[in-house]
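Open the model in your viewer and keep the selection tool at hand.

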Amino acid sequence: MDKFIVIGGIPLKGEISVRAAKNALLPCLAASLLTSEKIIFERTSLLVDIFSMISLLEHLGVKIEGKVGESITLKADEVSSLVAPYDLVRKMRASVLVLGPLLARFKKAKVSLPGGCAIGARPVDQHIKGLKALGAEIDYEEGYIVAKCDELKGGDIFFDKVTVGGTQNILMASVLAKGRTTIANAAREPEVVDLGNLLKKMGAKIEGLGTDRIVVEGVDELKGGVHNPIPDRIECGTFLAAAAATKGKIKVKDCNPIHLEAFLMKLEEMGYEVVSNENSIFLNGEKEVNSVDITTSPYPGFPTDLQAQFVALLTQAVGTATVREEIFETRFMHIPELQRLGADIKLEGNAAVVKGKTSLKGAPVMASDLRASASLVIAGLVAKGKTIINRIYHLDRGYEKFEERLQSLGARIERIK
Ligand code: UD1
């Protein structure tokens, strides 16, 4: 298993570009199942999660040309299986996103239940509730969701909880359903909007993207399209947090600052100098800064996917901060590892109380999930001496060539095979 060796204490400096958003690409790739025509992605990112989705789509019979990391073309004109097997789904929960499109186009689908993961139980009850509202019959057999219908019909759906994947699955199911679908309490995340924009290019009729009420008028069929996914706001935020924590100075390019407003405003509240332009963000982290409290919430609130990285940053701010995690139950696996590096953090239910400023010292630590890994890298970049981060395969799921790109900003980080 690969690990990182990080020698901390060097401020990050320079310029870095953001890649295509993993969480936008995943549903958009699944949307290729909705048409027999070609869908071209002008750019993709070289991530394990993207390979996982590609493997699943290939298993279903989708033809894929091009290289992951560059432009790729998908064509689902000869879908040969309607089953998403356990072995492929367990690797990545987002595999459940093939359920909506398969059911909409082929009236049948069998998708393994994703099960739990390190950050909580993560049920799919809202996806199922939505599909049932569109007329699907759902059974469970040996760990699989078995869905069928004569045809999907438009319906009214109210999500009991804001769900990104649920909204995306129902959006993909409803575009080919007969009649009008209303999704209330819909997720407003940019990744939902990006999927909606691709579906619109394919001929779908959708209104209200980016609001909590999406209305879809079903069409008989969809055509192909060309798509350039949005930049990865979480990757962008991770680089900014790393630069801020190391008292560096960086410019992140090819990003969309509007997608990161809550995060950027917190950085400014702390006292960082942040200058945003249309598609770049400059951050100067040289000054001493103060702590701020954060609470994660659905977009446009503070993203849960940046909570772990922000906790690492807060260890370097003066004062006490309370970090509340409101989206996932057990998303504090990074805390005991940060404590090993000397962080002063106490867990109180779904809140972490971070006291700063602490002087971190290198130690061996263990990555537990994707964003927790990024948090440990940030702490390692700050800590005096050597930090060894084990199990970085989590990190490769969502950050492309992370160590090489950090090296380009001056970081001393190395991958050991
Ligand atoms: C997506 C992101 C993930 C991010 C999360 C929240 C992808 C591939 N992943 O995950 O990085 O952390 O949004 O921003 O885009 N829930 C239910 N029932 C459901 C569905 C969800 O109770 O049917 C709960 C979840 O357990 C969680 C909350 O709702 O507590 C939000 O989950 P959701 O927005 O669905 O997350 P994902 O789409 O899985």
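Start by selecting S95, which sits in the loop between α3 (86-89) and α4 (99-106); helices here are DSSP runs of H or I with at least four residues, numbered from the N terminus. Before going further, note that this is a predicted model, where local features need pLDDT of at least 70 and side-chain atom pairs count only at pLDDT 80 or more, while totals for chains, interfaces and linings use all residues. Residues are numbered from 1 along each chain as its sequence is written, and side-chain values use heavy atoms, with hydrogens and water left out.

Is S95 buried or exposed? With a relative accessible area of 1%, S95 is buried (under 20% is buried, over 50% exposed, and in between partly exposed, with a 1.4 Å probe and protein chains only). Show its side chain and you will see it reach the backbone oxygen of M92 at 2.7 Å.

- N23: a polar side-chain atom lies 3.1 Å from an oxygen atom of the ligand.
- Q126: here a backbone N or O atom is 2.7 Å from a ligand oxygen atom.
- D305: a polar side-chain atom lies 2.6 Å from an oxygen atom of the ligand.

Of the 740 Å² of accessible area that the ligand has on its own, the protein covers 86% (Shrake-Rupley method, 1.4 Å probe).

At 32% relative accessibility, K129 is partly exposed. Its C-alpha is 9.7 Å from that of D160, 31 residues apart along the chain.

Finish at helix α7 (residues 190-201), whose 12 residues reach 17 Å from first C-alpha to last, close to the 16 Å expected at 1.5 Å times one less than the number of residues. Its buried residues include V192, L195, L198 and L199. Just after α7, click G203 to find a positive phi of about 110 degrees.

Terms used: Helix = DSSP H or I, 4+ residues; strand = E, 2+ residues; numbered from the N terminus. Polar contact = N/O pair within 3.5 Å; in protein donor to acceptor, adjacent residues only side chain to side chain.
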